[in-house]
Amino acid sequence: MSKAPRQRQGSASDGFGRTGRGKRVSEGEGIIHGEVPPREVLLKFIADHPQQASKREIAKAFGLKGENRVVLKALLKELEADGMVQKSRKSLTRPGGLPPVTVLDITTRDKDGELIGRPAEWPEDQGAAPAVLIRQSSQDRGKKAPAAGLGDRILAKIFPSKESSGPAYTARVVKLIDRRQNALLGVFKETAGGGGRLMPIDRRGEEMVIDPDGVGDAKDGDLIEVETSRNSGRYGLTRAKVLSVIGSVASEKAISMIAIHSHGIPHIFPSNVLAEADAAKAASMSHREDWRDLPLITIDPADAKDHDDAVYAEPDTSPDNPDGVIVTVAIADVSWYVRSGSPLDREALKRGNSVYFPDRVVPMLPERISNDLCSLKEGVDRPALAVRMIFSKEGRKAGHTFHRIMMKSAAKLSYSQAQAAIDGRPDDKTGPLLEPVLKPLWHAYAVMKRGRDRRQPLELDMPERKIQLRPDGTVDKVVIPERLDAHKLIEEMMIQANVAAAETLEKKKQPLVYRVHDAPTLSKQEVLREFLGTIGISMAKGAAMRANSFNGILARALDTPHQIMVNEMVLRSQSQAIYSPENIGHFGLNLMKYAHFTSPIRRYADLIVHRALVGSLGLGEGGITPQEEATLDDIAAEISTFERRAMAAERDTINRLIAHHLSERVGEEFEGRVSGVTKAGLFVALPQFGADGFVPISTLGIDYFLYDEAHQALTGEKTGLGYQLGDTVQVRLAEAVPLAGALRFDMLSPGRKMPVGSRSFHKAGRRTSRPAAKPGTRPPRRRR
């Protein structure tokens with residue numbers, strides 16, 4: 001317990017908490033330097049100083065040392081367990097608050113003409129995104145600050161507002177990410193007289209008037225891009241003019257374009273970027289080792305257009321490592337072609353990563369780079385960065401070295417093709433490779449798997465679903481691809497290469513961007529613990545959880561009626577993996593040092609790691625620059641946001657495709673599974689389509705329903721009948737809205753008798769004032 005704070009008299013403060021007598025105190029609180037402040041003072045400090053809210057900075061601000069630092073750590077854990085604070089990168093924030101560095105879209109102006117922005121990506125389950133007042137100054141640390149305008153996307157430093165009215169935050173522009181044109185996307189609806197209306201494609205959009213002379217070639221039902229008129233009056237609907245016609249809203253091109261536009265994903269390469277890519281020449285042998293005789297092979301999906309990793313394995317003949325193996329992973333040398341500060345580099349950072357839709361890919365780099373010069377094509381000389389890793393027979397890594405090489409892929413194989421050869425069905429291509437290449441790879445994987453099994457990463461059983469399209473772009477079927485050993489082999493070799501990259505750069509004391517995954521917060525652990533208690537699975541309270549602790553929970557639920565529910569709840573308890581220059585380890589993989597190195601064609605984080613390796617190991621041109629090192633915090637914040645943007649866009653596109661696919665089946669009955677429970681109603685998944693729909697609580701029946709968070713259930717107050725996460729139910733499709741990617745169901749199943757727990761229920765009712773949650777807004781699958 002901390003001592004009660006003593007009041008201090010007659011000391012003037014400088015506004016940050018430093019008194020005239022040299023003692024540091026909490027601003028306006030009179031807290032003595034060196035004493036642990038009470039909870040309310042800590043909460044105020046965290047809210048007022050988001051950039052100084054790490055444990056170290058808090059201890060420094062209040063002058064805490066020794067035993068008092070231990071007390072502070074325990075107090076912060078209490079606040080986190082109570083849901084009063086949450087971790088955000090390396091700092092603590094108040095729940096629902098913005099991290100110190102955030103990507104904002106400038107969306108409007110206030111009544112005084114000041115710019116207002118909102119987070120570029122914001123979880124829908126946290127309600128409306130907070131508004132942020134953009135403060136623009138002409139100077140920033142002696143340099144001219146970037147000027148931002150309406151419609152721009154910026155990277156900003158976030159500060160709590162000092163004003164009692166208006167937005168809760170203010171922001172200072174750090175970097176202008178993208179100047180977005182004054183263009184909007186919508187569906188054209190003809191009106192009498194030759195004009196039309198723009199019907200918005202999302203809930204935040206507004207309807208607009210299009211005059212006859214602004215219609216162009218648009219036809220009723222077309223997806224169009226418009227610009228707003230400068231002559232729009234202050235009253236009535238905004239007027240707009242058609243800029244381009246994308247096509248029928250029912251086409252696959254339109255479906256993915258809606259997501260591209262609504263999430264602000266850059267999809268057209270500027271001319272100077274394309275020119276630089278077209279002018280690129282094949283890499284030279286400067287600072288390279290010649291590994292063209294080593295039979296490295298690529299193993300990828302059958303429809304892959306670029307190949308950025310190749311593998312090879314062989315026995316270790318060293319007498320010091322009996323029965324050990326040597327695994328080589330070669331990765332396309334993108335850093336040779338994409339130099340820091342070049343047009344290619346600036347565009348790659350603006351995109352952050354490639355975005356994958358069922359019908360197309362929006363690449364991070366132009367095809368000349370991604371599909372040609374950097375793709376490890378079969379039988380073609382290609383530059384690469386390779387890591388050579390030595391493993392003992394127990395699967396422990398004994399050492400590794402990095403090399404800048406010139407290689408020539410011996411073969412391009414698909415996962416199924418390589419697996420078939422190992423399973424005794426080689427074809428003309430894999431037959432000659434079976435003994436010298438494929439079998440040594442599988443033997444090496446068996447060795448590495450011993451190490452993986454000992455490490456025990458989190459093993460969630462959440463199969464990925466893939467949409468297969470017909471030639472006309474409509475949905476054919478949804479499949480769950482078989483998980484082959486070939487997939488696991490490549491995954492484990494890539495993970496170990498990523499670990500080697502992080503270890504090497506740390507040893508060289510080289511700044512880098514880590515891939516980090518924090519442990520679940522105590523508040524999320526408590527929600528999971530209460531839920532597990534309702535189905536008879538115990539979980540220690542307040543214990544320091546490890547990945548294998550969750551594996552034990554999953555094992556106890558295996559082959560029980562609760563298996564799906566438990567997997568869902570464990571997934572929801574996990575934190576989001578992000579990029580950061582500060583290393584906190586990767587909880588899910590159970591690794592202390594981890595960085596993305598193996599996909600520089602499609603992820604900017606990997607390109608940064610490649611440059612760091614080239615520079616720190618003296619491997620020639622294309623190394624990281626001091627300017628990049630100084631901005632790694634900002635780069636990590638940007639690419640983390642862009643990754644979330646890509647995930648949301650991919651999810652939205654799948655939801656729209658499925659909604660369009662089912663739009664002609666309104667009224668049909670389906671078997672589904674309750675995949676989410678809220679006060680507003682139930683999410684129901686249709687496994688055969690990989691889609692979620694919503695059942696509003698107002699449609700469940702005449703009973704008054706109670707929301708039981710612990711049991712993840714809605715229960716009728718009078719009947720005791722209800723619905724719980726994981727229940728199999730019959731539903732009727734009541735509505736499908738393709739533009740919104742939304743499905744609404746009517747519940748046909750009467751419900752079942754629900755367990756009565758000792759915890760209190762939350763009132764939900766037949767109707768609720770909360771807006772119905774949008775289908776498809778369940779937490780996305782976490783990316784490693």
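Let me start with Leu 104, which lies in strand β3, residues 101-109, where strands (E, at least two residues) and helices (H or I, at least four) are DSSP runs numbered from the N terminus. Everything I show comes from a predicted model, in which local features need pLDDT of at least 70 and side-chain atom pairs count only at pLDDT 80 or more, while totals for chains, interfaces and linings use all residues. Residues are numbered from 1 along each chain as its sequence is written, and side-chain values use heavy atoms, with hydrogens and water left out.

Is Leu 104 buried or exposed? Leu 104 counts as buried because its relative accessibility is 0%, buried being under 20% relative accessible area, exposed over 50% and partly exposed in between, with a 1.4 Å probe and protein chains only. Leaving aside neighbours within four places in sequence, Leu 104 is in contact with a list of residues that includes Arg 118, Ala 120, Val 132, Ile 134, Asp 152 and Ala 171, contact meaning heavy atoms within 4.5 Å.

Among contacts between residues at least 6 apart in sequence, 66% join residues at least 24 apart.

Next, the cores. The largest nonpolar core has 90 residues, of which Val 327, Val 329, Met 493 and Phe 597 touch the most other members; by nonpolar core I mean a set of buried Ala, Val, Leu, Ile, Met, Phe, Trp, Tyr and Cys residues joined through side-chain atoms within 4.5 Å. Its largest share, 10 residues, comes from helix α11, residues 485-507. Beyond four places in sequence, the contacts of Phe 597 include Ile 331, Leu 385, Phe 402, Ala 497, Ala 501, Val 609 and Leu 613. Apart from this core lies another, of 49 residues, with Met 569, Val 684, Leu 686 and Phe 705 among them.

Now for α11 and its packing against helix α15, residues 604-616: the angle is about 45 degrees, with the axes 10 Å apart. Axes here are lines fitted to C-alpha atoms, for helices over the stretch in contact, and angles run from 0 to 180 degrees between N-to-C directions. That angle makes α11 oblique to α15, since angles under 35 degrees count as roughly parallel, over 145 as roughly antiparallel, 65 to 115 as roughly perpendicular and the rest as oblique. In this contact, Ala 501, Thr 504 and Leu 505 of α11 meet Val 609, Ala 612, Leu 613 and Ser 616 of α15.

The other pair is α13, residues 547-557, and α14, residues 563-573, which pack at an angle of about 165 degrees with their axes 8 Å apart. That makes α13 roughly antiparallel to α14. Here Phe 550, Ile 553, Leu 554 and Ala 557 in α13 meet Gln 563, Val 566, Asn 567, Val 570 and Ser 573 in α14.
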